[in-house]
Amino acid sequence: MAADVSGQIDFSFDAGVAEGAIGELQMLGRSAVANLLDGSDGQANVSWPGLCGWLWKDTRPSAVRSTGVKAVVKKFPFNTLEPNTRLGEFLLAQAAAPRRIDLAVDQIWAIWRLRVLRQRARTAPFGSDAFGAALVRTAFGDTGFQRDVLRIMHGHLKARVFLHPDGVPTSVLPPTTVFSLALAKGLPEGLPPQVRESLRDIAQHMASEPGWAGFWDMWLLRLAGDHPDFTLSEELRPLAGFAGDLFGEKHALDAESPDAPDPEQMQDDWRDKTPGYAQQLLNGHY
């Protein structure tokens with residue numbers, strides 16, 4: 001999906017861009033989990049064409065868009081219409097014929113930014129950021145990716161838990177956990193600031209949703225909170241702190257504690273799904 005200086009939008013998605021963005025997200029997620037659990041760093045130095053093609057939007061002012069929105073809003077019999085999104089602005093602006101002077105102003109600014117300021121401009125599909133969470137869930141909900149993450153977790157625990165009837169973890173991590181670890185590890189410098197900001201906004205929204213976390217998510221976030229190379233976001237710190245509060249409670253994993261309510265991100269039945277060695281693992285005995 002693209003737009004020219006006239007403000008007209010071509011609504012056509014490139015499936016290849018989405019597939020590239022999914023692969024790059026998986027690379028970031030796999031690298032973060034591996035680095036947290038076994039210290040390896042498999043993040044490649046790439047140009048991130050998928051994520052840039054999906055999230056690098058041109059957010060600079062446009063005379064065509066600004067004038068078009070004002071012209072359309074004036075025709076409404078009320079004054080409460082406010083396009084709160086850039087997609088809304090583009091859609092409203094299309095209803096008004098662009099003025100030649102505005103087209104010229106936008107063209108002059110485009111040439112100035114490119115040739116004088118040397119600023120690169122990328123136009124991701126309009127509205128693609130609204131599908132950002134869906135893209136993340138598709139990337140980290142893939143069965144092949146989930147298998148890779150479970151294999152890394154199994155390798156980490158195998159060196160610590162010799163034998164237990166509960167066996168190895170079989171519950172896959174929700175996309176929110178992997179995505180949060182990827183951002184906590186730090187996004188690569190090769191990603192443009194605008195793309196990094198979009199990813200942080202998506203992660204913040206996903207991490208604030210209720211009922212997605214279980215024991216393994218809390219355990220990993222606790223490890224990330226103690227790791228010098230990871231920085232948890234504000235939304236995730238209560239989960240890591242909650243795991244820390246369980247250290248001194250002998251039966252905290254077996255029953256609800258009225259004095260320490262679960263964070264809203266925790267699943268209602270998370271205690272029923274914890275392994276028998278959960279308390280020892282949290283206490284660092286394994």
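Is the crossing of α8 and α9 left-handed or right-handed? In this predicted model, the two helices make a left-handed crossing.

**The α8–α9 pair**

Let us stay with these two helices for a moment. Helix α8 covers residues 175–185, and helix α9 covers residues 193–207. Their axes lie 10 Å apart and meet at an angle of about 140 degrees. An angle over 145 degrees would count as roughly antiparallel, and α8 and α9 are therefore oblique to each other. On the α8 side, the contact is made by P175, T176, F179, S180 and L183. Facing them from α9 are L199, R200, I202, A203, M206 and A207. Sorted by class, this contact has eight nonpolar, two polar and one charged residues.

The surroundings of α8 deserve a look too. Ten of its eleven residues are buried, so the helix is largely enclosed by the rest of the structure. The buried set is P175, T176, T177, V178, F179, S180, L181, A182, L183 and A184. After the helix comes G186, which has a positive phi, near 110 degrees.

**The α10–α11 pair**

Helix α10 (residues 215–226) packs with helix α11 (residues 237–245) at an angle of about 95 degrees, and their axes are 8 Å apart. Angles of 65 to 115 degrees count as roughly perpendicular, and α10 and α11 are therefore roughly perpendicular to each other. From α10, the residues in this contact are M218, L221 and R222; from α11, they are L239, A240, F242, A243 and G244. By class, there are six nonpolar, one polar and one charged residues.

**The fold as a whole**

Now zoom out. The protein has twelve helices and two strands. Starting from the N terminus, the order of elements is β-β-α-α-α-α-α-α-α-α-α-α-α-α. Of its 286 residues, 45% count as buried. Among contacts with a separation of 6 or more, 77% join residues 24 or more positions apart.

**The nonpolar cores**

In soluble globular proteins, nonpolar side chains tend to be buried together. Which residues touch the most other members of the largest nonpolar core? They are L51, F179 and W219, in a core of 65 residues. Helix α1 (residues 15–38) gives the most to this core, with ten residues. Setting aside neighbours within four places in sequence, W219 is in contact with L37, M153, H156, L157, L281 and L282. There is also a second, separate core of five residues, and it includes V72, L92, A93 and A96.

**Four buried residues**

Some individual residues round out the picture. The table lists their relative accessibility; under 20% counts as buried.

| Residue | Relative accessibility |
|---|---|
| N35 | 8% |
| L281 | 7% |
| E24 | 8% |
| W48 | 1% |

Which residues does E24 contact beyond its neighbours within four places in sequence? They are W48, P49, G50 and L51. One of these partners, L51, is also among the residues that touch the most other members of the largest core.

W48 itself lies in the loop between α1 and α2. Although W48 is not a glycine, its phi is positive, at about 55 degrees, and this residue is buried.

As for N35, its contacts beyond neighbours within four places in sequence are S40, D41, K185, H227 and F230. One of them, K185, falls within the residue range of α8, which brings us back to the helix we started from.

Finally, L281 is found in helix α12 (residues 278–282). At 7% relative accessibility, L281 counts as buried, and this residue is one of the contacts of W219.

Conventions
Residues numbered from 1 in each chain as written. Predicted model: local features only at pLDDT ≥ 70, side-chain atom pairs only at ≥ 80, totals over all residues. Heavy atoms only, no water. Buried < 20%, exposed > 50% of the residue type's maximum accessible area, 1.4 Å probe, protein only. Helix = DSSP H or I, 4+ residues; strand = E, 2+ residues; numbered from the N terminus. Axes fitted to C-alpha atoms, helices over the stretch in contact; angles between N-to-C directions. Parallel < 35°, antiparallel > 145°, perpendicular 65-115°, else oblique. Left-handed = near helix turned anticlockwise from the far one by under 90°. Contact = heavy atoms within 4.5 Å. Nonpolar A, V, L, I, M, F, W, Y, C, P; charged D, E, K, R; others polar. Core = buried A, V, L, I, M, F, W, Y, C linked by side-chain atoms within 4.5 Å.
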